[in-house]
Amino acid sequence: MKQKLSEMLSESGIEKLKAVVKEKVGDKAFDFIYPAVVKALEEGDGEVRTQILIDWLDVEFCRVCSVCGKVFQEGWYNMGEYACSDECVMKQDGISKEEFDKFQIYKGTIENYLADTEDSRNIDDLTKEEIDEIMDNVLDECDAYYTSWE
Ligand SMILES: [Zn+2]
C-alpha cells in the first residue's frame with residue numbers, strides 16, 4: 001500500500017529519520033541513500049518498511065502496522081504487535097466494534113485483575129464504568145495500549 005512520507009511521519013519525525021540515516025551512512029552517502037530510503041518506504045509494503053525502519057535503522061519514533069503495513073507515530077501496541085488504528089487493532093484481535101467499545105482488547109488484563117483480586121464477576125457482565133474503574137488500576141500492566149512514538 002503506497003503511503004507518502006508526509007503521511008507516515010510528522011515534520012519532526014522526518015527530521016529524526018534524516019538524522020538516523022545520516023548517522024548510519026555518513027554525510028556523503030546520505031544524499032544517495034536517503035532518497036532511496038524514502039522511495040522504498042513510500043512504495044514498499046509493511047515488510048519492506050519494517051526491514052528498513054525497525055530492523056536496519058532501529059528507530060524509536062514510529063512503528064509499522066502489522067495489519068495494513070502503514071507507518072505511524074500514534075497508534076496501538078498490542079501484545080508485541082503494532083496497529084495503526086482502532087480498525088486495524090480490531091482486525092488484529094479478531095473483535096467487533098461492539099467488543100472493542102467494551103474494552104475487550106484489555107480482556108486478558110481485566111481477567112487477570114479479577115482473578116488476582118478474587119473478584120467473581122464476569123468480564124462480560126461488567127458495565128463500561130466498572131471496566132473504566134478496573135482499567136485505572138491496571139493501566140501499567142496492560143499488554144495493549146494506545147500511545148505515540150517519539
Ligand atoms: Zn493499519
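The centres of domain 1 and domain 2, taken over C-alpha atoms, are separated by 36 Å. Domain 1 covers residues 5-61 and domain 2 covers residues 87-143, with bounds that come from an automatic or database domain assignment. The model is a predicted one, in which local features need pLDDT of at least 70 and side-chain atom pairs count only at pLDDT 80 or more, while totals for chains, interfaces and linings use all residues. Residues are numbered from 1 along each chain as its sequence is written.

The protein has eight helices and five strands, and along the sequence they follow the pattern α-α-α-α-β-β-β-β-α-α-α-α-β; helices (H or I, at least four residues) and strands (E, at least two) are DSSP runs, numbered from the N terminus. The radius of gyration is 19 Å, well over the 15 Å that the globule rule gives for 150 residues, so the protein is more spread out than a compact globule. This radius is taken over C-alpha atoms, and the globule rule is 2.2 Å times the number of residues to the power 0.38. Along its principal axes, the C-alpha trace spans about 65 × 25 × 20 Å.

Two packed helices are described by the angle between their axes and the distance between the axes. Axes are lines fitted to C-alpha atoms, for helices over the stretch in contact, and angles run from 0 to 180 degrees between N-to-C directions.

| Helix pair | Angle | Axis distance |
|---|---|---|
| Helix 2 (residues 11-25) and helix 3 (residues 27-43) | about 130° | 8 Å |
| Helix 3 and helix 4 (residues 46-56) | about 145° | 8 Å |
| Helix 7 (residues 107-116) and helix 8 (residues 128-138) | about 85° | 10 Å |

Helix 7 is therefore roughly perpendicular to helix 8, whereas helix 2 and helix 3 are oblique to each other; angles under 35 degrees count as roughly parallel, over 145 as roughly antiparallel, 65 to 115 as roughly perpendicular and the rest as oblique.

Residues are in contact here if their C-beta atoms, placed from the backbone, lie within 7 Å. From helix 2, K18, V21, K22 and V25 meet D27, A29, F30, I33, Y34 and V37 of helix 3. In helix 3, V37, A40 and L41 meet V48, R49 and I52 of helix 4. Between helix 7 and helix 8, the contact is made by T109, I110 and Y113 on one side and I131, I134, N137 and V138 on the other.

How values were computed. Contact = placed C-beta atoms within 7 Å.
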